[in-house]
Amino acid sequence: MTKKVIATLALFSMFSTSASAAALRVAADPVPHSEILNHIKQTDKKLDLKVIELNGNLNANELLARGDVDANYFQHVPYLRDQEKALGEKFSVVATVHIEPLGIYSHKVKSLKDLTDGAQVAVPNNVTNLSRSLYLLQDSGLIKLKGSQSHSLVTTADISDNPHHLKIIEIEAPQLPRALDDAQLAIINGNYALQAGLVPSKDALALEQAKDNPYANVLVTTPKLAHDPRILELAKDLESKQTAEFINQHYQGSVIPVNQ
């Protein structure tokens, strides 16, 4: 067992022993997920909620499978299904909450029309978000993909036309805001954009559409806990109109509630 794994287990042992037996432990990204959960923690006093913020070294689905947390809130369903295959686990989606539109950002050009031939474009290196990025580039008129316009998974091998000879560079999603200093464009997940101080609704040169978007972020638990009263209470809160109002007021279009 590596020192890194031992440290992670020790960390979550601390969380487990410090929380009461009734506390619902939910792992979440800092922005916007933990912020939304902390809002619920303040408004629903019936729910004993322990919010555990993730960092880059923790896989929230592994934590859930091991029983270190009771639920997680950070991912969309296509990513979850890919994780299920990788981990050999089955999880349950218990609430569908919000969309974080993927955006194209730049520190070097003010418009996609100013893009130079051969420009470097940094994109997420995980399967689902790479695919989202390529569809966004296509929707923005920068590339063409083979086949249909559906949201089936695609890779750079599916690019059929690249008139600007863009150089697609795949890197870890949390590092994408830093890539803005080097690449001409970076396609950044909404949560990482917000954490970096970007405002997707204002700063993005192009943004995913919310309508018919299959990448809504969800609350995930194990099949064993799917009907736990604490999980059901949190799911109800996350899908409530009150939470939708909080998201709209707090994020001003950078995070979009599914249940308006």
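What handedness does the β-α-β unit of strand 1, helix 2 and strand 2 have? I started my notebook here, keeping in mind that this is a predicted model.

**Entry 1: the β-α-β unit.** I followed the chain from strand 1 (residues 24–28) to strand 2 (residues 49–53), with helix 2 (residues 30–43) as the other member of the unit. The unit is right-handed. I then looked at how the two strands pair: strand 1 and strand 2 run parallel and are joined by 5 bridges.

**Entry 2: Gln75.** I found Gln75 in strand 3 (residues 71–76). Is Gln75 buried or exposed? Its relative accessible area is 2%, so I noted Gln75 as buried. The side chain of Gln75 makes a polar contact of 2.9 Å with the side chain of Asn72. Leaving out residues up to four places away in sequence, I listed Asn61, Leu80, Ala216, Asn217, Val218 and Val220 as touching Gln75.

**Entry 3: Phe91.** My next stop was the loop between helix 4 (77–87) and strand 4 (92–99), where Phe91 sits. Phe91 counts as buried because its relative accessibility is 5%, and the cut-off for buried is under 20%. With residues up to four places away in sequence set aside, Phe91 touches Asn61, Leu64, Ala65, Leu80, Arg81, Glu84, Val220, Thr221 and Pro223. Asn61, Leu80 and Val220 were already in my notes as contacts of Gln75, and here they are again beside Phe91.

Key:
Residues are numbered from 1 along each chain as its sequence is written. This is a predicted model: local features need pLDDT of at least 70, side-chain atom pairs count only at pLDDT 80 or more; totals for chains, interfaces and linings use all residues. Side-chain values use heavy atoms; hydrogens and water are left out. Two strands pair if DSSP finds at least two bridges between them. Helices (H or I, at least four residues) and strands (E, at least two) are DSSP runs, numbered from the N terminus. A crossover is right-handed if, with the strands pointing away from the viewer, the path from the first strand over the helix to the second runs clockwise. Buried means under 20% relative accessible area, exposed over 50%, partly exposed in between (1.4 Å probe, protein chains only). Contact means heavy atoms within 4.5 Å. A polar contact is a pair of N or O atoms within 3.5 Å; within protein, one must be able to donate a hydrogen and the other to accept it, and residues adjacent in sequence count only if both atoms are side-chain atoms.
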